[in-house]
Amino acid sequence: VKSWADAFGGELYSIVTKYSGSLLLQKKYKDVEPTLKIKEVDGLELVKKFSEQMESMLRRKVEAVERLVEAAEDADLNHEYNSSLEFDYYNSLLINEKDENDNYVELGDEFILEPNEHFNNLLVNTTYSDIQLPTNVYNKDPDILNGVYMSEALNPIFVDNFERDPTLTWQYFGSSTGFFRLYPGIKWLPDENGVISFDCRNRGWYIQAATSPKDIVIIVDVSGSMKGLRMTIAKHTIITILDTLGENDFVNIIAYNDYVHFIEPCFKGILVQADRDNREHFKQLVDELQAKGVGTVKKALTESFKILREVRGDAGQGGLCNQAIMLITDGAVEDYEAVFEKYNWPDRKVRVFTYLIGREVTFAPNVKWIACNNKGYYTQISTLADVQENVMEYLHVLSRPMVINHDHDIIWTEAYMDSALFASQAQSLLLMTTVAMPVFSKKNETRSHGILLGVVGSDVPLRELLKLAPRYKLGVHGYAFLNTNNGYILSHPDLRPLYKEGKKLKPKPNYNSVDLSEVEWEDQDEILRTAMINGETGYLSMDVKVPVDKGKRVLFLTNDYFFTDISGTPFSLGVVLSRGHGEYILLGNTSVEEGLHDLLQPDLSLANEWIYCITDIDPDHRKLSQLEAVIRFLTGEEPDLECDEELVQEVLFDAVVTAPMEAYWTTLALNMSMETEAGVEMAFLGTRAGLMRSALYVGSEKVSNR
């Protein structure tokens, strides 16, 4: 068996060496060695340079959003509210719709839509924005008409932003009245029930921009009187409140009847981060609550104030901003004043919001008194349909201090897929982050009320960001990744956000809260994770196992991790170089004439997903493949093409060095006799600058692997 194996191995080796021509290629590289420069890559310098470029790209996005905020606030300042305003706007559901007499329907004028590659070939109108309204909002409500009329002023700014920075994608304004102005304008399609459920006020970017981070304790009455419909409404209210919380908020839920119980006993006496996993966990527990016994609210309030006080006193815990208690009950009778006196007066650091469940009004004055004496807000929720609107009110109250001080905080969201925004059109699922800013009313007479008009946002595809850290600079097995200050991955080659369900690809439920430690699992002591969350700059090396070929094989490598923060954002950038191959860059010098001649050979191609030249901004360049673009750039046919000169130089060098391979392969193919060497079908090579050559040894109809 050993001699068979040796013979088999030897045979295989000689066939492969002969038909691939690897020895010739080695010789050709050897010949040019004297003219080569080999440079060691400085990882820290690289990561800092990438991070600066990313920062300036993201800053351009922020500037675009700032211009929109300014325009919206000025428009509001100069707009007089008119309750009988008549105004036709483009409603994205109704545009281009006609009635039976072939006239355009009201709010649905002609709206020209053209496919646009920059927006994934969706049909869009890049000169105008249009308006989307959820089904439960009346489209001619005076508040809506005034808001839409006022925000018309954003149209020229949208267009101007897009001209200044062609890498911008969607820009939008979500109003606190419920309408959503989107640029470029699109046709919005309802779901299969004819309903449009998208409400911009429930989206993560809106809620994060509208309020600062918050600590919240939800207290729910589970005494016997809450049985039946009241309990259903209360549960729905809690779930709606949970949905308004995110990574930067902290929460706990207390249920009370004769005694106080934390619905998750493990979280007794603390607040937990309101990330997706905790929220889902709470929702399951809330669902299991049952009503019995007698309610005594006093102990529950005492407990809540204690938790919030502890969090406030212990620096570095909780949201360090707003603190609130949400009291959900069908009435409060006994003596609760002493609790507020002891824990919350005179400085009222904790706001108390009260939700009176049911139609009874006997206890309304008491419940209202609690809210009004603790800087809160009181609402009565008598049906399931009221829940959404009433819960949203608390956000406006919490955002008041920000409005009054005009703190325009810039918010960056975690990565999410834009499929929710355009559920109506099948999307190539892109990971995005949104940059958003709140819009406040500047009118002097209402300034002290702190009126939030809405939120302006723009999407940044993470793909665009990663283009600034090109693969070829990172060597073999090198990659770049981004994460947020909550430790979640924004982008990483091992992040697999989709799964297959039948034929369809669907996002995994927690795709946007995958922790760095789940993909860089060799970082057992979380040294890398901690440093990146704190936005430090530094370096670390680890032994890692890397799966290749879709997980069929594993490589054992030593990787060097270099990381730094992207200033002005909550993100950090990491760059990974693998020891050995990954740490050096080859620089050859070749004249353009020599290189061009070899680039024009027929069986040569470039890695099309790499960016040698920027072809996706100017519409005239979009039809060019990367190879065509490089050739036009070199011949000077398209002087306004922007190309990566260093990469193009490497391609030219590779083209010249590998050119003799074509002749070698051709000679072999001509001299092949079919009988003796059947089974060798094709030879190919790839270089680290993304250049590929191939040759067929058999007629193309005979290739076994199509």
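Contact here means heavy atoms within 4.5 Å, and helices (H or I, at least four residues) and strands (E, at least two) are DSSP runs, numbered from the N terminus. The structure is a predicted model, in which local features need pLDDT of at least 70 and side-chain atom pairs count only at pLDDT 80 or more, while totals for chains, interfaces and linings use all residues. Residues are numbered from 1 along each chain as its sequence is written, and side-chain values use heavy atoms, with hydrogens and water left out.

Confidence comes first. The mean pLDDT (the predictor's confidence in each residue, from 0 to 100) is 85, and 95% of the residues reach 70 or more. Over residues 420-428 the pLDDT falls below 50, yet this stretch has 18 contacts in the model beyond near neighbours in sequence.

We can now turn to the helix pair H18 and H19. Val630, Phe633 and Leu634 of H18 meet Glu645, Val648 and Leu652 of H19. The two axes (lines fitted to C-alpha atoms, for helices over the stretch in contact, with angles from 0 to 180 degrees between N-to-C directions) come within 12 Å and cross at roughly 95°. H18 and H19 are therefore roughly perpendicular to each other, a label given to angles of 65 to 115 degrees, with those under 35 roughly parallel, those over 145 roughly antiparallel and the rest oblique.

The link is right-handed, with 105° about the S-S bond. Cysteine 613 is buried at 0% relative accessible area, and cysteine 643 also counts as buried, at 16%; buried means under 20%, exposed over 50% and partly exposed in between (1.4 Å probe, protein chains only).

A nonpolar core is a set of buried Ala, Val, Leu, Ile, Met, Phe, Trp, Tyr and Cys residues joined through side-chain atoms within 4.5 Å. The largest has 99 residues, of which Tyr89, Trp205 and Leu528 touch the most other members. Helix H3 (residues 43-77) supplies the largest share of this core, 13 residues. Apart from this core lies another, of 39 residues, including Ala234, Val251, Leu289 and Tyr355. Among the residues that tryptophan 205 touches are Tyr172, Phe180 and Cys200. Cysteine 200 is buried at 0% relative accessibility, whereas cysteine 266 is exposed at 63%.

Definitions and conventions:
Disulfide = S-S within 2.5 Å. Lists of a residue's contacts leave out its neighbours within four places in sequence.
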